[in-house]
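Please walk me through this structure, piece by piece.

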Amino acid sequence: MKQEKSTETNTYIVDGAYRLQYISQGLTRLFPEIKIGDTCYEKFRKRELPCRNCPLLHKNRKTDMFYNEDEQTWLKINAGEIQWPGAENCHVILTRDISEHDLDEMCRFVNMKKEILEKRNCTAVETDKLTGLFAREPFFRQTEAFLRINGIQGGEYCLVAIDIEHFKLFNEWYGQKAGDRLLGEIGSHLTRLRQESGGIAGYMGGDDFVIVLPNDKEMLESMKHQITGFVRAYGGHTGFLPAFGFYVIDDIWLSASQMYDRAILAQETVKGNYAVRSAYYSSDMKTRLENNHVLLAQVQAGLERDEFIYYLQPKCNLNTGKIVGLESLVRWKHPTKGIVAPGYFIPIMESNGLVTELDKKVWEQVCQTLQEWIRTGHKVIPISVNVSSVDIYAIDVVDYFKKLVHKYGLPPEYVELEITESAYVEEYKVITGIAEELRNAGFTVLMDDFGSGYSSLNMLKDVNVDVLKIDMKFLKMDENTMGKGMGILEAVTRMANIMGLRMIAEGVETEDQINYLLNMGCIYGQGYFFYKPLPIEEVKELLLDENNVDYRGIQARKIEHVRFKELFQSELASDGILNNILGPIAIYDVYNDNVELVQVNDKYCLLIGQDPVDLAENVQVLEEIHPEDRKKMQDIFRRSFQRLAEGAEGTVRRKRKDGQYMWIKIKAFFLREQDGHKTFYGAVRDMTHEMNQFQRMMNCRNEEK
């Protein structure tokens with residue numbers, strides 16, 4: 001209910017979790033049910049998220065004026081930090097309604113009249129011109145009327161919040177007109193869907209849409225796929241994807257803004273996740289939000305008490321296991337929980353603008369460690385620190401690091417800077433310019449997590465970095481996508497080698513992965529196979545033994561690998577020469593319980609005693625394998641798929657043209673997978689003589705017994 005306007009100043013005090021610690025008498029008259037301990041935005045504005053203008057979210061804005069959409073009035077707020085008994089991170093907030101006279105005076109003096117008048121009259125503008133949908137406040141009003149007038153029961157309708165992720169970048173890449181066309185097309189589609197199905201659609205500004213539709217799963221999935229299709233049609237597959245938050249309306253007496261807040265809570269859980277693009281609201285999301293407010297207060301206190309430290313994870317030579325560098329990884333030395341991993345606290349710090357403060361503390365600690373090692377006579381290897389796009393916009397990163405290494409008397413090559421791939425994609429020109437300045441100042445720049453987001457190989461030709469860190473998650477894919485992941489890794493390493501970029505793989509956990517990387521030409525890695533992140537003192541002990549360290553670091557210059565693809569395509573090797581080099585080979589297509597021949601060379605035909613025409617008449621290989629060996633043959637391909645780098649081998653009996661069986665040894669390597677068909681390379685060798693000799697030897701032994 002709209003409250004009666006008051007010209008007096010109202011005062012309240014909240015802690016870091018938005019809980020009320022003090023309420024003035026004026027507020028208690030306006031809100032009789034309010035009490036100490038209540039959450040301010042829930043009681044004052046019936047919202048499930050903090051106000052966008054809250055001083056706790058914008059601590060650099062202590063005095064401000066904003067439009068209260070609920071009350072349709074302008075407020076002036078003053079805020080400041082205050083010590084309050086029994087509570088932490090408290091702010092005192094004073095609010096006062098701005099009169100019409102004061103508004104007119106301000107308009108004349110600060111050239112704000114147009115904006116203020118637009119805000120004052122926003123309720124008169126029912127629809128947005130670009131999208132044709134209801135504007136924010138009319139949408140809320142229409143939704144509440146629609147649900148309550150029609151006597152709709154809980155669960156019959158669903159509210160969907162839609163956000164186009166990275167839309168700002170879309171506008172920069174494709175232009176404002178293309179962005180407007182995309183928004184208009186989405187608006188037109190939501191209008192058609194609303195008209196066909198019955199419901200309400202709205203445009204919340206920027207790249208945010210909302211629609212209320214019948215809670216029909218098939219309809220909602222269709223809407224999701226169609227909007228995703230619109231966005232893909234404009235932006236291709238470069239990461240401009242919509243995120244969807246669904247709230248099944250179980251209480252029609254909630255305000256529409258609360259319903260929208262719940263859908264937004266669901267939507268936030270999928271942002272940045274390129275595999276999952278939608279989520280449904282659940283009650284525990286609100287609990288998590290409340291817990292996040294408490295966590296935020298604890299994190300702020302932890303920063304003030306210097307509870308954040310860092311661990312070091314070695315980077316290693318894959319051949320020798322020797323350490324070539326170190327990466328600093330932040331940890332929270334919590335007073336009660338012990339050492340806490342960053343996944344627990346980094347998201348809340350990112351969403352509240354505290355990451356740069358944390359990063360600066362880690363950077364300082366790293367420089368202190370390097371200075372101490374030099375002072376005590378230890379040989380030093382570089383330590384890399386993480387730099388986010390938030391840091392680059394918050395401070396002058398180049399100037400900051402120059403002053404930092406000067407302060408501690410460090411050569412800049414001892415402090416390496418890791419900037420995530422996503423930062424390059426989102427703000428390419430800015431980040432590449434900063435990276436170039438850092439390199440000119442003597443720092444080594446690494447692109448972190450390359451391949452984890454939506455960058456392209458074409459981007460590699462333009463990036464000005466020293467080292468690529470490639471993401472080993474591609475080899476953790478399932479059976480249906482493993483082949484694609486391998487292809488991406490091979491393409492990245494090939495391009496990096498051509499360009500002379502240094503390269504390191506992160507997330508190395510198995511010996512198979514090491515063999516695979518070495519075969520691709522990547523000789524450096526970082527992961528749990530070698531070392532987990534370790535406390536500084538443990539790393540110091542490791543470095544005391546110089547046999548553990550390769551002081552040359554990550555090098556780009558190495559003896560050139562034989563490039564088989566280039567060799568096969570060059571004039572150096574004719575088919576005859578390659579046949580002699582490779583011997584009998586075949587390409588197999590394995591699917592379900594079938595093994596088919598796809599391609600063979602001349603040597604294979606000679607070995608089997610059949611020409612290509614004969615082989616084409618019976619491509620089903622298992623029919624030519626001795627019945628006792630067929631499962632063994634299938635097992636060779638199964639093991640080959642599991643051991644990507646090493647492949648698998650086995651000996652089976654195969655029928656020749658004359659109907660006699662011969663022994664052949666097959667060494668199989670997995671190549672790719674598509675539509676359920678796995679393709680394998682097989683090197684084949686005649687083992688009949690050896691197996692006959694072995695059989696004669698076994699017979700002799702049995703006779704002697």
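Ala-586 has Gly-682 of strand 24 as its bridge partner. Strand 20 (residues 585-591) and strand 24 (residues 677-686) are joined by six bridges and run antiparallel. Two strands count as paired if DSSP finds at least two bridges between them. Helices (H or I, at least four residues) and strands (E, at least two) are DSSP runs, numbered from the N terminus. This is a predicted model: local features need pLDDT of at least 70, side-chain atom pairs count only at pLDDT 80 or more, and totals for chains, interfaces and linings use all residues. Residues are numbered from 1 along each chain as its sequence is written, and side-chain values use heavy atoms, with hydrogens and water left out.

Axes here are lines fitted to C-alpha atoms, for helices over the stretch in contact, and angles run from 0 to 180 degrees between N-to-C directions.

Strand 15 (residues 415-420) is joined to strand 14 (residues 383-387) by five bridges, and the two run parallel. Within that pairing, Val-385 has Leu-417 of strand 15 as its bridge partner. Strand 15 is also joined to strand 16 (residues 444-450) by five bridges, again running parallel. Thr-420 stands opposite Asp-448 in strand 16. Strand 15 is mostly covered, with five of its six residues buried. Buried means under 20% relative accessible area, exposed over 50%, and partly exposed in between (1.4 Å probe, protein chains only).

A salt bridge is a side-chain nitrogen of Lys or Arg within 4 Å of a carboxyl oxygen of Asp or Glu. By this rule the count comes to 24. In one of them, Glu-418 meets Lys-315 at 3.2 Å, N to O. Glu-418 lies in strand 15 and Lys-315 in strand 11 (residues 308-317), so the pair ties together parts 103 residues apart in sequence. Glu-418 counts as buried because its relative accessibility is 1%. Lys-315 counts as buried too, at 1% relative accessibility.

Glu-506 and Lys-469 form another salt bridge, at 3.7 Å, N to O. This pair links distant parts of the chain: Glu-506 is in strand 18 (residues 502-506) and Lys-469 in strand 17 (residues 467-471), 37 residues apart. Both Glu-506 and Lys-469 are buried. What links these residues? Lys-315, Glu-327, Glu-416, Glu-418, Lys-469 and Glu-506 are linked in a network of salt bridges.

Helix 14 (residues 397-407) holds a local pair. Lys-403 and Asp-399 both lie in helix 14, four residues apart, about one turn of the helix. An α-helix has 3.6 residues a turn, so residues three or four places apart point the same way. The closest N and O atoms of the Lys-403 and Asp-399 salt bridge are 3.1 Å apart. Lys-403 counts as exposed, at 54% relative accessibility. Asp-399 is partly exposed, with a relative accessible area of 31%.

Finally, look at how helices meet. Helix 5 (residues 136-149) and helix 9 (residues 256-268) have axes that come within 8 Å and cross at roughly 105°. They are therefore roughly perpendicular to each other. Angles under 35 degrees count as roughly parallel, over 145 as roughly antiparallel, 65 to 115 as roughly perpendicular and the rest as oblique. Helix 5 contributes Arg-136, Phe-140, Thr-143, Glu-144 and Leu-147 to the contact (heavy atoms within 4.5 Å), and helix 9 contributes Ala-256, Ser-257, Met-259 and Tyr-260.

Helix 6 (residues 167-174) has Phe-167, Leu-169, Phe-170 and Asn-171 buried. Just after helix 6, Gly-175 takes a positive phi of about 100°. The axes of helix 6 and helix 7 (residues 176-197) come within 6 Å and cross at roughly 130°. Helix 6 and helix 7 are therefore oblique to each other.
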